[in-house]
Each structure stands twice: as C-alpha cells, then as structure tokens.
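Dear colleague,

Please find below the structure that I am handing over to you. My notes on what was found in it follow directly after.

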Amino acid sequence: MDTHSRSFAKALSWRVTGTIDTIIISLVVTGSIKLAAAIGLTEVITKSLLYYLHERAWLKIPYGRRKMTV
C-alpha cells in the first residue's frame, strides 16, 4: 500500500508535467504569457489536491488487486 507521502510525490510529479502542458496550451489559445501562467498556477493547486484525493480513494477499492499469498 502506498504511503501518504508517496501519493503526494506522485501527484506533484504528475502535476508538473500537466501544468507545463496547460501553460503551453493556454499560451497558444490566449497569446498571453501572464494569463497562461495564471491558468497554470490555478490548475496546479486544484488538480494536485484532486489527484491526491483520487489516489487515496482508490487505495480503499479492492478492484484489480491481487491478494498476497504467504
């Protein structure tokens, strides 16, 4: 089972990747680096929290797990 800190680290690394993508797309769509950065900053905060909560919720769901045999 993943620890809380591991789930947080996974969320953080994924959000860095996702935020870079969001900033690039926002820049292309808006043409404004300031607006693109604001969108990226908002997105990194909200989606990091949502991913962490999603990851922790999935730890409670047994679907797709193999039982460990001793």
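I begin with one side chain: Lys47 is partly exposed, at a relative accessible area of 39%. Please bear in mind throughout that this is a predicted model.

The partner of Lys47 is Glu43, and the two side chains meet in a salt bridge with an N to O distance of 4.0 Å. Both residues belong to helix H2, where they stand 4 residues apart, so about one helical turn separates them.

As to the overall form, the protein chain contains 2 helices and 0 strands. Along the principal axes, its C-alpha atoms fill a box of roughly 60 × 20 × 15 Å. The radius of gyration of the protein chain is 16 Å, whereas a compact globule of 70 residues would have one near 11 Å. Of the 70 residues, 21% count as buried. The accessible surface amounts to about 5,800 Å², and carbon and sulfur atoms account for 71% of that area.

The contacts deserve a remark as well. Among those in the protein chain with a separation of 6 or more, 66% are made by residues 24 or more positions apart.

Lys10 and Glu55 meet through their side chains, at 2.9 Å from N to O. Lys10 lies in helix H1 (residues 4–30) and Glu55 in helix H2 (residues 33–59), so this pair ties together parts that are 45 residues apart in sequence. Lys10 is partly exposed, with a relative accessible area of 27%, while Glu55 is buried, at 14%.

Arg6 counts as partly exposed, at 47% relative accessibility.

In general, side chains of opposite charge can pair when their charged atoms come close.

Yours sincerely

Key: Residues numbered from 1 in each chain as written. Predicted model: local features only at pLDDT ≥ 70, side-chain atom pairs only at ≥ 80, totals over all residues. Heavy atoms only, no water. Rg over C-alpha atoms; globule rule 2.2 N^0.38 Å. Buried < 20%, exposed > 50% of the residue type's maximum accessible area, 1.4 Å probe, protein only. Contact = heavy atoms within 4.5 Å. Areas by Shrake-Rupley, 256 points an atom, 1.4 Å probe, with all protein chains shown as cover.
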